[in-house]
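Subject: Structure for you to look at

Hello,

Here is the structure I promised to pass on. Please open it first, then read my notes below.

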Amino acid sequence: LLLWCVWIAPHFAEPDEAALRRAMLIADAWESDVVAPIRRVRRTLKSRPDAEALRAQVKAVELAAELDLQSKLEELAHRHLHESPGNDAESRARRT
């Protein structure tokens with residue numbers, strides 16, 4: 001969630017309390033329901049040298065789940081936060 005806050009800072013207006021609460025609910029639910037169980041499996045497999053290939057696959061799934069959370073938070077920003085002045089599509093196009 002901290003990375004999300006750093007990412008939105010230059011692109012969007014400051015989130016209000018409701019948007020922050022939504023982001024925390026999304027992140028907490030995804031972390032506890034998806035990422036944490038996958039992480040537990042990966043850590044369990046770490047002590048099993050015979051399961052290194054499987055551990056690598058689980059690690060990739062864990063990273064994919066974390067990226068999916070970032071996508072969910074990005075969607076939240078686009079739906080519920082206003083772009084900062086001078087950061088709309090037209091202004092960005094003029095700068096390039």
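Is Phe12 buried or exposed? Phe12 counts as buried, because its relative accessibility is 5%, under the 20% cut-off. Keep in mind that this is a predicted model.

**The aromatic pair**

The structure holds 1 aromatic pair. Its partners are Trp7 and Phe12, and the pair is tilted. The ring centres lie 5.7 Å apart, with 55 degrees between the planes. Trp7 is partly exposed, at a relative accessible area of 31%. Phe12, as said, is buried.

**The cores**

Phe12 also belongs to the largest nonpolar core. That core has 11 residues in all, among them Trp4, Ile8, Ala19, Leu69 and Leu81. Three helices each supply at least two of its residues: α1 (2–8), α2 (17–46) and α3 (52–80). The largest share is 4 residues, and it comes from α3. There is also a second, separate core of 6 residues. Val35, Ile38, Ala51 and Val58 are included in that one.

**Helix α3**

Have a look along α3 next. This helix has 29 residues. From first C-alpha to last, α3 reaches 42 Å, close to the 42 Å expected at 1.5 Å a residue. Its buried residues are Arg55, Val58, Glu62, Ala65, Leu69, Leu73, Leu76 and Ala77. They pack against α1 and α2. An α-helix has 3.6 residues a turn, so residues three or four places apart point the same way.

**Salt bridges**

Side chains of opposite charge can pair when their charged atoms come close. Here the count comes to 9 salt bridges. Three of them are worth a look.

- Glu66 pairs with Arg39, and the closest N and O atoms are 2.4 Å apart. Glu66 lies in helix α3 and Arg39 in helix α2, so this bridge ties together parts 27 residues apart in sequence. Glu66 is partly exposed at 27% relative accessibility, whereas Arg39 is buried at 17%.
- Arg42 pairs with Glu62, with 2.3 Å between the closest N and O atoms. Arg42 lies in helix α2 and Glu62 in helix α3, so the pair ties together parts that are 20 residues apart in sequence. Arg42 counts as buried at 15% relative accessibility. Glu62 counts as buried too, at 4%.
- Asp50 meets Arg48 at 3.1 Å, N to O. Asp50 is exposed at 60% relative accessibility, and Arg48 is partly exposed at 45%.

**Two more places to check**

The charged end of Lys72 sits over the ring of Trp30, 4.5 Å from the ring centre. Lys46 is another lysine to find, in helix α2. Lys46 counts as exposed, at 59% relative accessibility. Its C-alpha atom is separated by 9.7 Å from that of Ala56, 10 residues apart along the chain.

**Where to start**

I would begin with Phe12, which is buried and sits in the largest nonpolar core.

Best wishes

Terms used. Residues numbered from 1 in each chain as written. Predicted model: local features only at pLDDT ≥ 70, side-chain atom pairs only at ≥ 80, totals over all residues. Heavy atoms only, no water. Core = buried A, V, L, I, M, F, W, Y, C linked by side-chain atoms within 4.5 Å. Buried < 20%, exposed > 50% of the residue type's maximum accessible area, 1.4 Å probe, protein only. Salt bridge = Lys/Arg side-chain N within 4 Å of Asp/Glu carboxyl O. Expected span 1.5 Å × (residues − 1). Contact = heavy atoms within 4.5 Å. Phe/Tyr/Trp six-rings, centres within 6.5 Å; stacked < 30°, edge-to-face > 60°. Lys NZ or Arg CZ within 6 Å of the ring centre and 35° of its normal.
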